Each structure stands twice: as C-alpha cells, then as structure tokens.
Amino acid sequence: MAAVRTSSEVAFNRAAIAAVLVATLIFLAPIYWIASTAFKPKELAVSVPPTVLFEPEVTPFVRLFTKRVQMQKPVDPQVYEAAPWWEKRIYDGGERVLKVGKDVQLSQYPDRFTNSLIVAVISTVLAVGMGTFTAYGFSRFKIAGEADLLFFILSTRMLPPVVVAIPMFLMYRMVGLNDSHIGLIILYVAFNLSFSVWLMKGFMDEIPKEYEEAALVDGYTRMQAFFKIVLPEAATGIAATAVFCFITAWNEYAFALIMTNRRAQTAPPFIPSQIGSGLPDWTTIAAGTFLFLLPVAIFTFLLRNHLLRGVTFGAIRK
Amino acid sequence: MASVALTNLDPASRAAARGWSDLTIRNLFIIPTLVFLIVFNIFPLIYSLGYSFTNFAANRSEPWQFVGLQNYRELLSDDHIWSNFVITAKYVIVSVAGQMVVGFGLALLLNRSFPMKGLITTLLLLPMMMSAAVVGLFWQLLYSPSWGPINYVFGLGDFAWLSNPDSALYAVAITDIWMWSPFVMLLSLAGLSAVPQHLYEAAAIDRAGWWYTFTRITLPLVSPILLIALIFRTMEAFKTFDIAYTMTTQPTAELIAIRLYKQAFQQWDTGKSCALAYIVLIMVLAITNLYVKYLNKVKER
C-alpha cells in the first residue's frame, strides 16, 4: 500500500491491524478449544457454559494411552498409595488400568500413531526421492511433449481418492495388499509423487545450469555433477518438499479409511471412529487429536517460507 | 500420452559427457516415475472403466455380466444422484465463495507492515495444514447443541447444527471456509505484494480514492492469482469427502464423493460405482485442465 500520510490513513491502518488481530483470534479459537479440551477434567469438557480457564491436567493423555475398565467398588487404599501418579489419576476417575501381569495394556492409539508414522515417513522418502530425479530430468533435458507430460503427472494428483480407491481396493484384494503398510505406502507415493515432481522442478529450475557445466568442464560425469553439485544446492527444496509430502500422507483419510481396518490403520480414520455410540469422552479424543496435530503445527512453522510454493505446486514463489 | 521422443539434448553437455550419456540419465530419471504413475493411477482407472460396464459386486462371488451402458443410463436418470450433484453444487458455491471473500479480505488487511506480521500470517495458515477428517471431528465438539461453544457464543440455545437437515450442509461449509480461507489468503498476499508500488504512488498523486485504486489497480492485477485460487478450491470442494463424512450423516449433506463411497463400499454396487466414479472423474479432469492452464499462465508472468 502507499506510504501512510494523512491522519485518516493512519487511523485506517490501525483499524486494519486491529481487525487482523481479531480475525486471528477467531481463526485460532477452534484450535485453542481442541487443545484446551485435551487438558480438561472430564466434567469441564462438556460444561455449560463452556469453560475457558481451568487448571490443566494430563489425565486425558493417560486415558488415551491405556486400556481401562470401570471399577465396581472403590480401590483398596494400599493399592492406591502404591500406584504411580498417572495410575492414581485413573483410579480418581473411578476406573482402573488393565494390565497383563505387571505390564500396562496399551490402547490402540499408540499403534495407530505408529502406523501413521511408518506410512508417512516411508512414502515421503520414496516420493521425494523419485520426484527429485524426475524433476531434474524435466528441468535439464529437452523432452518432447514436456507440457503434456507434466499435465499428466499433475492430473494424477487431482484424481478424487474414492475414484482411485475402488479399483485399487479390488486389485489389492487380489494380491493381498489390503490392510497392509505397503499397500498404503504405494498409494501415498503415487499421490505425492506428482506433487513432489512439480515442486522439485521449481527448485531445480532455480539452480543455475552453469554450476553443473563448470563441473562437467572440470571432468565430472553428469551423474557426479548431479550428486555433488545439484543435490546439495537443492537441499532446502528437498526438505520443504519432504515436509509437504509428510503432512499430506500424515493427514490422508479416504484411502486409509477404505484400504485399512486393523493392522495398518492410521490415525485419521481411527480418531473419529472413537466417537462411537453413547456419550463420547471428549477429553480423551481431544488428547488424541492434539498429539496428532502437534507435528503438523511444528512443521507449518518450519515451512512458513515455502508454503506458497507448496500449495501452488511450485508454480508461484514469494 | 506423449511419448518420450529422443530429441534435442543439449549439445554442449553432450560434448562434455562422460560416464552415462545424457539420454540414459534422462530416461533413467523420468521413466520410472511415469511407469509408476501409469501402473498405480492410470491402470486402475482402465480396470474400473471395464467394470463400469458390468453388474459386478465385489462382495459376491457369482459371475458378473456385461450390461453395456445400463449403469450410466441408470445413474443419469437417478433422481437421488442428481440431488447429490445439486447438494455438491450448493456446497461448492457456498464454501468457495466464503473462502474467496474471507481469504481475500484477510489478505487486504494483512497487506501492510506491522510488528509480528510473519508470526500472525503463519498462525492463520494453521487450519489448512490439518487433517480434514480430524478437523471435521473436532468441529463436532464446537457445534455440539447443548454444550458447544459456538451456540453459547452466538446465543443459539441448543440449535443442532449437524443433525438439522437444513443447516448440516452449511455447517460443513463454514468449517471448510475456516479451513481453506487461509489458502486464498496466502495466494492473494502473493498477488498483492507483486503489485508495483509506483502504481499506488501515482494513484495517490492523482488523489484517487480508495475504491477507485482498489477496482482499477489492485483487483485487475491480483485477479489472475485469485482465479487460480478459485479454480483450485472449486476442484477440491467438488471432491470433498473427509470433512463432510466425519461431521454429519445427514442425507441433505451427502456430497457426491460420499454417495460414491457408500455405493462402492457399503452397498457394494461395484460396477455402478465405477460408472459414477467415471462421471465424477471427467468433471474433475475438466477443472484440472483449466487449473493447469492458468497456473502456467501465472508462472510465465
């Protein structure tokens, strides 16, 4: 905007900044709500009027990670005294933690969370790896029908997941890949590969060709030049692309819902399925949601300078 | 699909080539990706095109029969499917219009320098980075009729946002606006920051009013990038599944993707679902085509 001059412009500017702050608070309120519910005592999660300020506790997280049953009679005071702090919190709620011998029985959540990690990390490594090579190819060599090929590559990303999932489900059933990590990883690589090619091509285009040409003159082969000159130059781009691919795979729902149900189920289909019937325990669900959203929030801050590129497939940069 | 013809490698680099030739490297770098995408994206689509002409049901073992165009005919004359398309259209219009207005509005407000601008912009971008399924889940908590904070703040008593047939779709759209306005904001900010300052200075010298400056300078220069945001969000909203599926079961909020999911994986009407998938696919590809066209245009600028 033009340099601020008149007093009315100063006032307008101040009003705009105030409006931005209000809008930010409104946008963050839902996130605050889910984060705060994760630390609320059970009864405050569903209180009327809604509770904004309270003394936070971590009991929802203990509930999130353990299998519990309702106690029929109050706990033996000696047992209670001997229990670690987190188990006491469960006793306080009228429940006890299920155990096999001395080992605490874990809920399904850590399992699903681990599945999400496995699938997201491996699919990201593969998608970014292949994408980097392909992007270099598109960036440096002349290819007949390049625009068409790039359109083809991008269009695979735009396919609605349910549309692709129907035939993939049938094919996976034939070869036994349903409800397996590999099956989900393949789908996520296919989904993210096109994105990673487009994004990496933008980064590759920015690395001056002269760097490699100098290396070639110095006696490097093209492959050596690629690994020793281009890849280090592209490191930031590769990292940004990886984080984007990770977030997409981490968040993905439709494929996971259709292709997995127990062994390989990831967190996104699992977390909503906890609601079930009856009165849901929102504090525990919020705790699971909070932990699940935390990595994404951290990554968003790491990515902030690349967000624009990421959401436009590398076409627009700041 | 165009073939990877052997043409026009950079002669300078060929002269300097040692080890593998550029041609080998190019093929080695590109072909695996293309093959992978064809095997896992295009082949399944061909496979399902075949099934779309049959009465195949994936949960039954009896042999299927070729039924020709019957699936397509039935779908296109099915009122239920049409109502799903109408619901989807309503949803796309409301949620994309909301995102464009809120997102562009935020960008106009943010387009000035003030302390902690970077932090605030990043905070505003958080919603769109989240999992839509999980967002849908926790908005259920916010919309809860008896103890949800939304009804409390707006004094709506126990209005049941998600189980009221009239409001369910709009409740989902509001959540979608919350989630995706930041996307429009991000693109708009890029467009706004690319408007040359001297144009505003010239307008100020001419004592042009705010509205005049906005409609004659800002809007025309930002519109290409706004168009990108519009097409992309339209395409994504058309495909919406996660957020609506986790938020409500109301038939009035049954988007076409949800209908497709139910038909394929709950009613196991596989052949017909493949046909419906194709109808949806053709629509999405048409919008994708537009999107890529404008993306390349903006890139060339």
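This is a predicted model: local features need pLDDT of at least 70, side-chain atom pairs count only at pLDDT 80 or more; totals for chains, interfaces and linings use all residues.
## Chain B: secondary structure

Chain B contains 13 helices and zero strands.

## Chain B: dimensions and packing

The radius of gyration of chain B is 25 Å, whereas a compact globule of 301 residues would have one near 19 Å. Along the principal axes, the C-alpha atoms of chain B fill a box of roughly 80 × 80 × 35 Å.

Of the 301 residues in chain B, 42% are buried. Among the contacts in chain B with a separation of 6 or more, 73% are made by residues 24 or more positions apart.

## Chain A: helix α11

Helix α11 of chain A runs over residues 222-233 and has twelve residues. The distance from its first C-alpha to its last is 15 Å, close to the 16 Å expected at 1.5 Å a residue.

The buried residues of α11(A) are R222(A), A225(A), F226(A) and V230(A). These residues lie on the same side of α11(A) because they cover an arc of only 100° around the axis.

The face turned away from this buried side carries the exposed residues F227(A), K228(A) and P232(A).

Terms used. Residues are numbered from 1 along each chain as its sequence is written. Chains are lettered from A and ligands numbered from 1 in the order in which they are written. Helices (H or I, at least four residues) and strands (E, at least two) are DSSP runs, numbered from the N terminus. The expected span of a helix is 1.5 Å times one less than its number of residues. A residue is buried if 20 or more other C-beta atoms lie within 10 Å of its own, exposed if 12 or fewer, and partly exposed in between; C-beta atoms are placed from the backbone. The arc is that of the directions from the helix axis to the C-beta atoms. The radius of gyration is taken over C-alpha atoms; the globule rule is 2.2 Å times the number of residues to the power 0.38. Two residues are in contact if their C-beta atoms, placed from the backbone, lie within 7 Å.
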